[in-house]
Amino acid sequence: MAAKVVLATKNPHKVEEILAILGDIPGIEWLTFREISFSDVEEVGETLEENAVLKATAVARETGLPALAEDTGLEVEALGGAPGVRSARFAGEDKDYRANNEKLLRLLEGVRNRRARFHTVAVLALPDGRMWKTEGVLKGKIAEAPRGEHGFGYDPLFVPEGETRTLAEMLPEEKNVISHRRRALEAMRTILQNLATGVILA
Ligand code: IMP
């Protein structure tokens, strides 16, 4: 019987990317918000790690199943690491992608240092309180104007190191090979394999 793991996010873009990255592990049956209901978790943490822990532990407790959560932030060097953990609400409570991107471009007007990184912290939590944490980083720079239609969030403004295209100009399968999310989640693969084979008992 497959081990059930809940994806503790209601963001369909994240669900799609996480399943593209980890969906192939034999013996894991992923349950998304489409298959199982769970409450929204307020992201009140001061760090990406705190928020990922909050989301994974709350959903594991509520569903009685292992839960995987991640929290991602965009850290811009010239802004002292902002928006960071506040990336979703950078321009206001309604989490508007376009308004966030416009605010970022406004703050960086005339700024030559465009260096930035995406930072993801992933947490797998079991209902009994055990948990595993991994992280992934993608370095790059902020473009002068949004480009591309793929992806979500800040993707139209982020050019990965060694690339000329923004993440939104890449195909989803290209983003998923190099992304911060990929790096954080790949580091979780062995733990999930151990869960699938019963080496770790949920
Ligand atoms: P959260 O992890 O859902 O809190 O997301 C924080 C903010 O970063 C939101 O505005 C997201 O849209 C944005 N974000 C998260 N992951 C990515 C990504 O892979 N590319 C671009 N923006 C992202």
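The side chain of Arg-181 places an N or O atom 2.8 Å from a nitrogen atom of the ligand, a polar contact in the sense of a pair of N or O atoms within 3.5 Å. Of the ligand's own 480 Å² of accessible area, the protein covers 94%, with areas taken from the Shrake-Rupley method with a 1.4 Å probe. This is a predicted model, in which local features need pLDDT of at least 70 and side-chain atom pairs count only at pLDDT 80 or more, while totals for chains, interfaces and linings use all residues. Residues are numbered from 1 along each chain as its sequence is written, and side-chain values use heavy atoms, with hydrogens and water left out.

**Ligand contacts**
- A polar side-chain atom of His-180 lies 2.8 Å from an oxygen atom of the ligand, and an N or O atom in the side chain of Lys-175 is 2.9 Å from a ligand oxygen atom.

**Shell around the ligand**
- The ligand has 16 residues around it, of which Lys-14, Asp-155, Lys-175, His-180 and Arg-181 come nearest; a residue is near if one of its heavy atoms lies within 4 Å.
- By class, 5 of the shell residues are nonpolar, 5 polar and 6 charged, with Gly counted among the polar ones and Asp, Glu, Lys and Arg as charged.

**Helix α1**
- Helix α1 (residues 12-22) has Lys-14, Val-15, Glu-17, Ile-18, Ile-21 and Leu-22 as its buried residues, where buried means under 20% relative accessible area (1.4 Å probe, protein chains only).
- At the start of α1, the backbone nitrogen of His-13 has a side-chain oxygen of Asn-11 within 2.9 Å.

Methods: A polar contact is a pair of N or O atoms within 3.5 Å; within protein, one must be able to donate a hydrogen and the other to accept it, and residues adjacent in sequence count only if both atoms are side-chain atoms. Buried means under 20% relative accessible area, exposed over 50%, partly exposed in between (1.4 Å probe, protein chains only). Helices (H or I, at least four residues) and strands (E, at least two) are DSSP runs, numbered from the N terminus.
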